[in-house]
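Colleague: I would like to learn how to read helix packing, sheets and chain symmetry in a model. Please take the features one by one.

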Protein chains: 2
Amino acid sequence: MMHRPLTLAEAQARLDSLARPPVAEAVPLAAAVGRVLAANLHAPGPLPPADRALVDGWALRADDTVGASAYSPLFAQALAVGAAVLPGTAAPLSAGDPLPPGADAVLPLHLVQEAGGMLELLGPVAPGQHVERAGQDCAAGSVLIPGGRRLRSMDTALAAAMGLDRLQATRQPRIRLVPIGRGGGVDLAGRLYPDLITRDGGVADPVADRAADPRQALTAPGADLILLVGGTSPGAPRGAVLLRELGRLDWHGLALDPGEAAGAGLVGDTPAILLPGGPAAGWSAYEMLAGRLIRRLAGLPPGLPHPVMPVPLAVKLVGEVGATRLVPVRLSPQGAVPLPPCPGLAQLVRADGFVLVPPHVEGWPAGTEVAVRLFDCFGTRDADH
Amino acid sequence: MMHRPLTLAEAQARLDSLARPPVAEAVPLAAAVGRVLAANLHAPGPLPPADRALVDGWALRADDTVGASAYSPLFAQALAVGAAVLPGTAAPLSAGDPLPPGADAVLPLHLVQEAGGMLELLGPVAPGQHVERAGQDCAAGSVLIPGGRRLRSMDTALAAAMGLDRLQATRQPRIRLVPIGRGGGVDLAGRLYPDLITRDGGVADPVADRAADPRQALTAPGADLILLVGGTSPGAPRGAVLLRELGRLDWHGLALDPGEAAGAGLVGDTPAILLPGGPAAGWSAYEMLAGRLIRRLAGLPPGLPHPVMPVPLAVKLVGEVGATRLVPVRLSPQGAVPLPPCPGLAQLVRADGFVLVPPHVEGWPAGTEVAVRLFDCFGTRDADH
């Protein structure tokens, strides 16, 4: 049944060919954070539209500050916000406020001492200092937010400031999780995978009922990708049997450790991936196959999304050649420590990330710098600030 | 009104002293991802509880495989899942399944060829090979998940596998956003800050109505931290006036660029921070003051949460001494490119992250390696896999 297992590169290439290009849809700003911007967003006009203050302070005429210092301050009359500035006067403003008429510079807060309606000017500014000229930030039509970006809250705030109420984002692929068979990994269908699917830009359908006949969940319309979780056991490969029955089994068996029992095919024209029921094997196959396809469908770069940190190995990493290996590692002051293989989640939970060992590599000696793919975004944080 | 501005370190020390230690609460697993584990979670028993398979394959007696190879396979009779293994037989199993009685090793899938009820064994295994011994993964009582960790979906899956239905997490601090005054940054109260508060382990109350009298939002009970957004303008510092009226203004004016108009105090015994109304200044003050306090209240490390990447400067970075500066940078193939100062969001949206310039540093020449704090978790991704 399982002859030569596919290499990971072969399996990825076959899945890549099944990915349809993402389509765009309008998304309200409140729901846009985390979505993928479908195309470059251009500035509708110059930014800023008019000269404005770069800092909090007092708008005035630079001439009025010539010679001012903390030891010999000059004086100006305090105006109200927005008032036109005449010689000998200054109007308060915040960074980003338009420069009031008559002013040509901004004196920052720390160079001004207020005393009633009079201001002590404690230093000089040159004409144009602390002022952002109209159009300086960006010209009309220039790219404000690059297409393909996972939108940040900052981006939606800028879009709101530009008067937009929605952005064009890629449609999120709908991923259907169908647990079949038995095994601890099948419980992951409800806990681990929905979170990873969100990370990869997809939306997980409610997990199909394990007790029900999986045929209905497999054939119901609306899914962009089906993940069959479990049912890959040798001797009782229910997932493979179901794919053959309802669609097509393209391949079964992969040179991936853990994750050898993975497979893939089609139900109708919907791609389907067999994730092994063992927790570590299922996770590994998700990361190397399913996540990649979901990112493609979502318009994200298909490569692994983990932040990569180069770290020397604290001890040697050994193993067998033949399969791509995902080896969980802990970070220690001495470097990355490979954790022993484990079919369950305990070592993955203890790990800070993992190392990919190519199929032709048996291992590496201690001290070799390896690329650790971190589980946590913020694992690279430093403690200085 | 504003005399010598506080240094950032002084302001942070004052806020640190206001942080109460976090308290723990039980959280259902389904709501636990992203929460902060309050204390170490220990294994209730040895893991695994019994010998189990490390890989998908066939459980058998290692003796039956001595001398097997692809060129001269040996044979065994295929049993059903879980059946007791006798000499000359093998039972299928998945990684993580308990070893059936009689078996002492697992032959991986790629070394087995199925043909009807008979198996061709294509290679040898040693006794114990591909088997995880009881207790090998971890001893009873050892730490499974370290306290203080931001829980991952993997952690909740492991907890579920251990029969737990909730975990002890720190209570999330409630952050009240009160927009006052005018300015583009005040719009950020609804868009940018709730997202950052979530990142930092807090929960944002619904943003107070800008049109209403802010006194009610400031004095209503239940907040662990109040953020007054805007109203820091020189000449019309409504935020400072409100703090003096309703509680205490501890300081106003900070050697932070942007963010000079920040301040802090108390309303009752609730800390309150004044975030400038300018978008970039408000963001900067949030990052350096508010985020830090929220992370402390949530039981997270207080330092900046951004992943840090050392990158050489592509061009020189110049400026003035005196204030800690947050300089947005873009990453280019030549290194980090500092972006010009901008009171609005356009440069921050264009940036990949920012560099902190200490107050005593005027700048750095091109080629200097600087610590870039990245906005995106996944900005360090590589394209190889």
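Colleague: How are α1(B) and α7(B) oriented to each other?

Modeller: Helices (H or I, at least four residues) and strands (E, at least two) are DSSP runs, numbered from the N terminus. Axes are lines fitted to C-alpha atoms, for helices over the stretch in contact, and angles run from 0 to 180 degrees between N-to-C directions. Angles under 35 degrees count as roughly parallel, over 145 as roughly antiparallel, 65 to 115 as roughly perpendicular and the rest as oblique. In this predicted model, helix α1 (residues 8-16) and helix α7 (residues 279-298) of chain B cross at roughly 30°, and their axes come within 10 Å. α1(B) and α7(B) are therefore roughly parallel to each other.

Colleague: What is the handedness of the crossing of α1(B) and α7(B)?

Modeller: A crossing is left-handed if the near helix is turned anticlockwise from the far one by less than a right angle, and right-handed if clockwise. The crossing of α1(B) and α7(B) is right-handed. With contact meaning heavy atoms within 4.5 Å, α1(B) contributes B:Leu8, B:Ala11, B:Gln12, B:Leu15 and B:Asp16, and α7(B) contributes B:Met288, B:Leu289, B:Arg292, B:Leu293 and B:Arg296. For classes, Ala, Val, Leu, Ile, Met, Phe, Trp, Tyr, Cys and Pro count as nonpolar, Asp, Glu, Lys and Arg as charged, and the others, Gly among them, as polar. The contact of α1(B) with α7(B) then has six nonpolar, one polar and three charged residues.

Colleague: At what angle do α1 and α7 of chain A pack?

Modeller: Helix α1 (residues 8-16) and helix α7 (residues 279-298) of chain A pack at about 30°, with their axes 10 Å apart. The crossing of α1(A) and α7(A) is right-handed.

Colleague: How are two copies of a chain related?

Modeller: Two copies of a chain are related by a rotation about an axis and a shift along it. The copies are superposed by least squares on the C-alpha atoms of residues with pLDDT of at least 70 in both. Here a rotation of 180° with 0.0 Å of shift along its axis puts chain B on chain A, with an RMSD of 0.1 Å. The two copies are thus related as by a two-fold rotation axis. In chain B, the C-alpha nearest the axis belongs to B:Cys377, 2.3 Å from it. The same surface serves both copies, since 100% of the contact residues of chain B recur in chain A.

Colleague: What is the strand order of the six-stranded open sheet in chain A?

Modeller: Two strands pair if DSSP finds at least two bridges between them. The order in chain A is β14-β13-β15-β19-β18-β16, with mixed pairing. β14 (203-204) and β16 (248-252) of chain A stand at the edges with a single partner strand each, so one side of each has no neighbour in the sheet. Strands β13 (residues 174-179) and β15 (residues 225-229) of chain A pair in the parallel sense over five bridges, and A:Ile175 stands opposite A:Leu225 in β15(A). α7(A) packs on the sheet, touching β13, β15, β16 and β19 (270-275) of chain A, and the direction of α7(A) makes about 165° with that of β19(A).

Colleague: Which residue is the bridge partner of B:Leu228 in β19(B)?

Modeller: The partner is B:Leu274. Strands β15 (residues 225-229) and β19 (residues 270-275) of chain B pair in the parallel sense over four bridges.

Colleague: What is the phi of A:His130?

Modeller: A:His130 has a positive phi of about 60° although it is not a glycine. A:His130 lies in the loop between β9 (118-121) and β10 (131-132) of chain A.

Colleague: Which conventions apply to numbering and to the values?

Modeller: Residues are numbered from 1 along each chain as its sequence is written, while chains are lettered from A and ligands numbered from 1 in the order in which they are written. Local features need pLDDT of at least 70, side-chain atom pairs count only at pLDDT 80 or more, and totals for chains, interfaces and linings use all residues; side-chain values use heavy atoms, with hydrogens and water left out.
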